[in-house]
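Reader: I am new to this structure and would be grateful for a close look at a single part of it. Please describe one residue and its surroundings, and then what may be said of other parts.

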Amino acid sequence: MESERLFNFFDQLEQSFIGEAIRNSIWMFPVIEAFHLIGLAILGGSILVGDLRLLGLLLSTKPINYVIGQTTLILKLGLIILVSTGIPLFLSEAIKCYYSRAFWIKMSALLIGLVFLFFIRNPMGLSAVEGNAKLKLIGFTSISIWAIVAGSGRWIGFS
Amino acid sequence: MLEIAIWLSETKWSIALLESLYMYPWIESAHVLSICFFIGILLFVDLRLMGVAFTKLPISEMNKKVLPWSLFGFGLMTLTGFLLFYAIPVRSYQNIFFRFKVILILFAGLNAFLFHRQMKREGRNWDEGKSIPKSVHLKAAASLVIWSGVIISGRMIAYNWFDCDRQPQPEWVNWAAGCIVDLNQMGGLDGI
């Protein structure tokens, strides 16, 4: 069965050297998680500044492409920090994630969020100067998706 | 201070909050997500001051239009933070990471105060294209470093491996955390 193969794969990941090392340490998981949160601050801030501009709520007299352009590099930095800390966190508790609904919601939302970000929100934002209803909808959608990613991510820890 | 924490822990709402199945996680999630509003947006104000991002925007405009969003996040973060402390007052008060975090926040406040005082005095010159003084770059960088430290120590609070109940600990740890090692009944006060 597919799900059995997936489970075995997750089990292997959990037994990996990195997963093992994090589980055996008293401080590694919290420290990696703390840097995951710093990544969240960086990504979240970049997303918010861009999306609030799309919604016309922040720096609304400045060109949209300027605001999005100024946040994109920092956004990518936040993503790199989040992914490179998120993977070891996952490896340390892959089986728990396998059974966690929050984890699967987060991964789905993350995938949607990344596709939306790089194929819709940024290309459109970077070619727009003034706002309109469509761009507002894009900003609202973007904020909503990333809120689900962050919120369900936090919820993995509670499940 | 410990007496105040004990008194808080015995109030009705503190116990209700701690024992609630959903309220505590929801408040904690709101606390974490407000990082994005507060520190994430402050990041861009600081990067502007450091001349890294939004260099075409006058600093005064950044402070007038972007900083308020950050302060909104700060308000949400403070409110939820107080509630989280209120749910677990004694354990938090005797948590070395919590204490370190509070000290860092005081430093961040001092740094912000010094920055705004300086901006009041000489901020007009920064907008007129004259270069921003090194001391402003330094305060912006300090802001980012200190708030990162707040995030890190804040996350550690929940994992406190120096908990007063986990003895033996080095003497300096018990001193810094304010642990009363002999009185074991202290440990159970928060109910966890």
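Author: Leaving aside neighbours within four places in sequence, Phe54(B) is in contact with residues of both chains in this predicted model. From chain A, the residues in contact with Phe54(B) are Val49(A), Leu59(A), Tyr66(A), Val67(A), Gln70(A) and Thr71(A). From chain B they are Phe44(B), Arg48(B) and Met62(B).

Phe54(B) also belongs to the largest nonpolar core, which has 55 residues; within this core, Phe54(B) and Phe44(B) touch the most other members. Helices of both chains each supply at least two residues of this core: helix H3 (28–54), helix H4 (64–92), helix H6 (101–126) and helix H7 (133–156) in chain A, and helix H3 (23–49), helix H4 (59–87), H6 and helix H7 (134–157) in chain B.

The axes of H6(A) and H7(A) cross at roughly 155 degrees and come within 8 Å. Because angles over 145 degrees count as roughly antiparallel, H6(A) is roughly antiparallel to H7(A). The crossing in which H6(A) passes H7(A) is left-handed.

In chain B, Asn95(B) lies in the loop between helix H5 (89–93) and helix H6 (96–127). Asn95(B) counts as buried because its relative accessibility is 4%, and buried means under 20%. Not counting residues up to four places away in sequence, Asn95(B) touches Ile157(B), Asn160(B) and Ala177(B). Ile157(B) is 62 residues from Asn95(B) in sequence, yet their C-alpha atoms are 6.8 Å apart in space. With Asn160(B), the side chain of Asn95(B) forms a side-chain polar contact of 3.4 Å.

Notes
Residues are numbered from 1 along each chain as its sequence is written. Chains are lettered from A and ligands numbered from 1 in the order in which they are written. This is a predicted model: local features need pLDDT of at least 70, side-chain atom pairs count only at pLDDT 80 or more; totals for chains, interfaces and linings use all residues. Side-chain values use heavy atoms; hydrogens and water are left out. Helices (H or I, at least four residues) and strands (E, at least two) are DSSP runs, numbered from the N terminus. Buried means under 20% relative accessible area, exposed over 50%, partly exposed in between (1.4 Å probe, protein chains only). Contact means heavy atoms within 4.5 Å. A polar contact is a pair of N or O atoms within 3.5 Å; within protein, one must be able to donate a hydrogen and the other to accept it, and residues adjacent in sequence count only if both atoms are side-chain atoms. A nonpolar core is a set of buried Ala, Val, Leu, Ile, Met, Phe, Trp, Tyr and Cys residues joined through side-chain atoms within 4.5 Å. Axes are lines fitted to C-alpha atoms, for helices over the stretch in contact, and angles run from 0 to 180 degrees between N-to-C directions. Angles under 35 degrees count as roughly parallel, over 145 as roughly antiparallel, 65 to 115 as roughly perpendicular and the rest as oblique. A crossing is left-handed if the near helix is turned anticlockwise from the far one by less than a right angle, and right-handed if clockwise.
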